[in-house]
Amino acid sequence: MVTNPIPQFPAGFLWGVSTSAHQIEGAADAREPSVWDVFTAEPGRVKDGSTAAVACDHYHRYREDVALLADLGVDAYRFSVSWPRVNSPGGLDFYDRLVDELCAAGVRPVVTLFHWDLPVTLDWLERDTASRFADYASAVAGRLGDRVAKWITLNEPAEHTLLGHALGAHAPGRRLMFDALPVAHHQLLAHGLAVRALRAAGAGDIGIANSHGPTWPASATPEDMAAAEFYDVLLNRLFSDPLLLGRYPEGIGELMAKSPEDVATDLKVIAEPVDWYGINYYAPTRVGAPQGEEIAFGGLSLPSELPFSVREIEGRPVTDFGWPVVPEALTELLTGFRERYGDRLPPVVVTENGCSCEGVEDRERIAYLDGHIRALHRAVEAGVDVRGYFVWSLLDNFEWAEGYARRFGLVHVDYTTLERTPKASYGWLRDLLRARR
Ligand code: BGC
């Protein structure tokens, strides 16, 4: 049982929870298909064979879910808008109702425009998808912009590139390995174009939610150090350097698009200043030289031809997913960002943090959140300008290729009855938020 009070965060610090459209909404019949609908329909893609056709049925139960948010006492709710739904008649009406409901409950809406559910007619290998994204961003801002508190262009382009296009573990299921890099470039370009489009539509307070975590070399040997450096470039710096420094890490730029001229011009768009920088953090990764065999990694099987291998972080508790619980790595990550990017780093918001575990008496989740919030506070004390913290996730939901087997929610969802039951961690967070007032 955790008893020490959580230290005070700066005034105006934003406490919130996150979800994404495909993982909770259901109502798949009221929108165009996305790449995830196609992917989940293919046998063997999702571990429990499930789909997100119903998920938490949030589309029909959003009022109940907003009431849970209000009772929890969060300042803000991060959710994503489904591009395939917006493309369908009446699709934006749903988000209009949701945003009104949130505002009436005193919860500030934070909108993610892309959380992996690409309309099936589009493809991130195509450069034009970036322009289409900017048009879509304008349409959403035109309708919701008067009430949305913060905008997030993309969620984790790194994972969408790596898992969806390089390794084939997520939709659209491609296994292109390094030929997937243009997918990263086109998403980053889409981000920059959308920042401009949102501003042109009068929207402000714009950021991105990138996943980051410290990379720990397996040892000090040159081979392990080089492998860890490579991994860090690929998963971290490839996504933060272009946004914050206007350049790709050395040696990568030429792999990003078909034409090097495009890359140089695009980087100016990609580096369009954001108002804040969102970081999704779950765990650090220990990385060493390749070991010549398939590697099991957080539910994935990484191919042996990769120029690195992921090693176990020993002596730590692990979540249901097998991810190590290392709160102090969040402090390391944030102070490392501050060192690397200096004044070019805008205020930071932790846009996702949380863990998967079973049961409604979820002591492991309380311990995880308690440890990470304290680690976040240490980063604030060390001078990092952190403005908010969002727990992943409000509800148990469709955990992508894992189906419904992993439960990240503060609120339990019974997938037969769709009944919501707040877990112990929900009560713990509510108490924390009340104590702060
Ligand atoms: C994603 C979420 C996902 C969570 C837990 C993040 O990578 O943004 O959609 O559910 O991690 O795996």
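Trainee: Why is Arg311 called partly exposed?

Mentor: Its relative accessible area is 25%. Buried means under 20%, exposed over 50%, and partly exposed in between (1.4 Å probe, protein chains only), so Arg311 counts as partly exposed. The model is predicted: local features need pLDDT of at least 70, side-chain atom pairs count only at pLDDT 80 or more, and totals for chains, interfaces and linings use all residues. Residues are numbered from 1 along each chain as its sequence is written, and side-chain values use heavy atoms, without hydrogens and water.

Trainee: What makes Asp224 and Arg311 a salt bridge?

Mentor: Their closest N and O atoms are 3.8 Å apart. A side-chain nitrogen of Lys or Arg within 4 Å of a carboxyl oxygen of Asp or Glu is a salt bridge, so the pair qualifies. Asp224 lies in helix H9 (residues 222–245) and Arg311 in strand S11 (residues 309–311), so the bridge ties together parts 87 residues apart in sequence. Helices (H or I, at least four residues) and strands (E, at least two) are DSSP runs, numbered from the N terminus.

Trainee: Is Asp224 buried or exposed?

Mentor: Asp224 has a relative accessible area of 9%, so Asp224 is buried.

Trainee: Which distance separates a polar side-chain atom of Glu156 from an oxygen atom of the ligand?

Mentor: The distance is 2.5 Å, and a polar contact is a pair of N or O atoms within 3.5 Å. For Glu399, an N or O atom of the side chain is 2.6 Å from a ligand oxygen. The protein covers 94% of the 310 Å² of accessible area that the ligand has on its own (Shrake-Rupley method, 1.4 Å probe).

Notes:
Polar contact = N/O pair within 3.5 Å; in protein donor to acceptor, adjacent residues only side chain to side chain.
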